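Let's take a friendly walk through a protein model together. Have a look at the picture first, and then read on.

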Amino acid sequence: MDRLVIEGGNTLKGTINISGAKNAALPIMAAALLTDETCVINNVPALRDTDTMIRILRAMEAKVERKKERVSITGACGKLKAPYNLVSTMRASICVLGPLVAKRKFAEVSFPGGCIIGPRPIDLHLKGLEKLGAEIKIKSGYIIAKAKKLKGANIYLGGHFGSSVLATANTMMAATLAEGTTVIENAACEPEIVDLANFLISMGARIEGHSTPTVMITGVKKLHATNYKIISDRVETGTYALAGAITGGDLFLKGAKGAHLLAVIDKLRECGIHITEHKDGLRVKRKVRSKIKPASVTTLPYPGFPTDMQAQIMALLCLSDGISIITEKIYPERFIHVSELGRMGAQIILEGPNAIIKGVKSLSGADVMASDLRASAALVLAGLVAKQKTRVHRIYHLDRGYEELDKKLKNVGARIWREKEER
Ligand code: EPU
């Protein structure tokens with residue numbers, strides 16, 4: 001396994017190209033199972049998670065070819081099972097459930113279970129499919145879904161923490177081939193859901209209202225081949241925006257779409273970071289010695305502040321001139337990075353879903369452990385500005401979701417490299 005070593009203190013300057021969105025690519029790749037024809041998907045980031053999705057599709061005997069960022073999928077699969085050894089490594093594997101039930105009338109998908117960021121139930125996924133007429137059983141750790149025919153329905157898809165991104169994705173995908181009209185209320189409005197809807201529309205689906213909490217899908221008999229380009233990754237964009245901010249740098253994030261990051265941009269401006277939106281990207285600047293203003297951040301479903309940016313903004317607020325509060329309203333236990341940032345000198349108190357952060361003048365490099373994808377990104381950000389060396393261990397989490405993170409940061413002036421862990 002690799003670790004990342006960072007020698008902090010460099011100001012980052014230059015251009016970073018933003019990759020395709022991981023969380024759009026994963027459900028879109030699964031959606032290709034809704035047709036026997038070939039779907040060509042462009043701008044798919046080269047990540048461990050997209051590789052895992054390819055392995056799942058191949059395990060079901062779908063034909064998948066990858067050439068750099070272009071993935072072609074012919075979804076005429078022979079096996080209808082997503083096995084435990086793959087699903088257990090990536091929760092988004094659950095996205096094959098909706099397309100399989102809709103197209104093949106049967107699916108056997110390993111139960112994804114919880115993960116390090118807290119419990120992650122799937123009741124809303126099952127509710128959506130059951131309302132469409134699927135019969136679902138849990139047997140030996142697998143979700144077994146069958147349907148003679150799916151029929152459009154009115155479905156309220158809100159849970160204890162509000163809307164669900166992937167439950168909306170699963171229900172929407174299944175409804176494209178159901179008989180009649182489906183209305184999903186309290187649907188997720190995330191840009192990745194809008195991208196999925198646009199992909200499905202390009203395959204011949206009839207969908208309206210995507211990007212609002214009420215999505216209407218009128219079932220069609222058949223979907224067809226398509227050639228589609230997925231959106232740029234807003235969380236990768238936000239992470240590099242913070243790399244510019246935390247190092248007092250000047251970065252141009254090429255391909256970034258400001259409209260997908262309004263809450264993050266707003267918060268960063270409140271902290272005193274200079275951000276300008278351009279036709280082809282975002283520019284992020286902070287003067288090295290200018291103060292970072294403290295802030296209060298609450299994570300919420302889109303268009304609120306994304307939970308996937310909570311750990312990264314915490315790294316910045318650790319160096320702010322005052323006291324900040326972060327309230328995590330999507331995953332109240334997603335604070336595993338707090339103790340690792342503490343090892344670097346951060347002062348953070350946790351009280352339930354609230355983190356109270358007292359800004360410090362500087363952080364110092366340390367050995368820290370990456371625990372989940374976004375927490376790992378926060379440790380890298382802290383390492384970029386910390387005095388001395390930071391070693392981030394177990395970085396396979398980063399490889400799940402950030403394409404060539406070390407190379408992209410090195411190109412704009414960071415001292416960062418990979419090393420093999422000694423055994
Ligand atoms: N929830 C339920 N029941 C369900 C599903 C979700 O109660 O059936 C709850 C969750 O426990 C959570 C909330 O609803 O409290 C929202 O979870 P959601 O279902 O929206 O999460 P997800 O769809 O499983 C996606 C992203 C996550 C991101 C969340 C929230 C993908 C592949 N994953 O997960 O991304 O944190 O939405 O925005 O799209 C990441 O990329 O690092 C990541 C974890």
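What follows is a short tour of the domains, the contact between them and some salt bridges.

## About the model

This is a predicted model, in which local features need pLDDT of at least 70 and side-chain atom pairs count only at pLDDT 80 or more, while totals for chains, interfaces and linings use all residues. Residues are numbered from 1 along each chain as its sequence is written, and side-chain values use heavy atoms, with hydrogens and water left out.

## Two domains

The chain is assigned domain 1 (2-19 + 232-420) and domain 2 (22-229); such bounds come from an automatic or database domain assignment. Taken over C-alpha atoms, the centres of domain 1 and domain 2 are 30 Å apart. Where they touch, domain 1 gives 24 residues and domain 2 gives 21 residues, contact being heavy atoms within 4.5 Å.

## Where the domains meet

How much area do domain 1 and domain 2 bury between them? The value is about 2000 Å², with 55% of it on carbon and sulfur atoms. Buried area is the accessible area (1.4 Å probe) that two parts lose on being put together, summed over both. On the domain 1 side, Tyr302, Tyr331 and Arg400 lose the most area to domain 2, together 29% of what that side buries.

Two salt bridges are counted between the domains; the term stands for a side-chain nitrogen of Lys or Arg within 4 Å of a carboxyl oxygen of Asp or Glu. Arg400 also takes part in a salt bridge with Asp49, where the closest N and O atoms are 2.8 Å apart. Helix H12 (373-385) and helix H13 (396-401) each supply at least two residues of the domain 1 side that touches domain 2. Helices (H or I, at least four residues) and strands (E, at least two) are DSSP runs, numbered from the N terminus. H13 brings the largest share of that side, four residues.

The residues of this domain 1 side are nine nonpolar, four polar and 11 charged. Here Ala, Val, Leu, Ile, Met, Phe, Trp, Tyr, Cys and Pro count as nonpolar, Asp, Glu, Lys and Arg as charged, and the others, Gly among them, as polar.

## Linking the two ends

Over the whole structure, a search finds 24 salt bridges. One of them joins the side chains of Lys420 and Asp2, at 2.7 Å from N to O. Lys420 lies in strand S24 (residues 415-420) and Asp2 in strand S1 (residues 2-7), so this pair ties together parts that are 418 residues apart in sequence.

Is Lys420 buried or exposed? Lys420 is exposed, with a relative accessible area of 64%, whereas Asp2 counts as buried at 19%. The cut-offs are under 20% relative accessible area for buried, over 50% for exposed, and partly exposed in between (1.4 Å probe, protein chains only).

Glu421 and Arg3 form another salt bridge, with the closest N and O atoms 3.3 Å apart. Glu421 sits in the segment after S24 and Arg3 in strand S1, again 418 residues apart. Arg3 is buried, at 7% relative accessibility.

## A network of charges

Which residues are linked in a network of salt bridges? They are Asp2, Asp399, Asp406, Arg418 and Lys420. Within this group, the side chains of Arg418 and Asp399 meet at 2.8 Å, N to O. Arg418 belongs to strand S24 and Asp399 to helix H13, so the pair ties together parts that are 19 residues apart in sequence. Arg418 is partly exposed, at 32% relative accessible area, and Asp399 is partly exposed at 22%.
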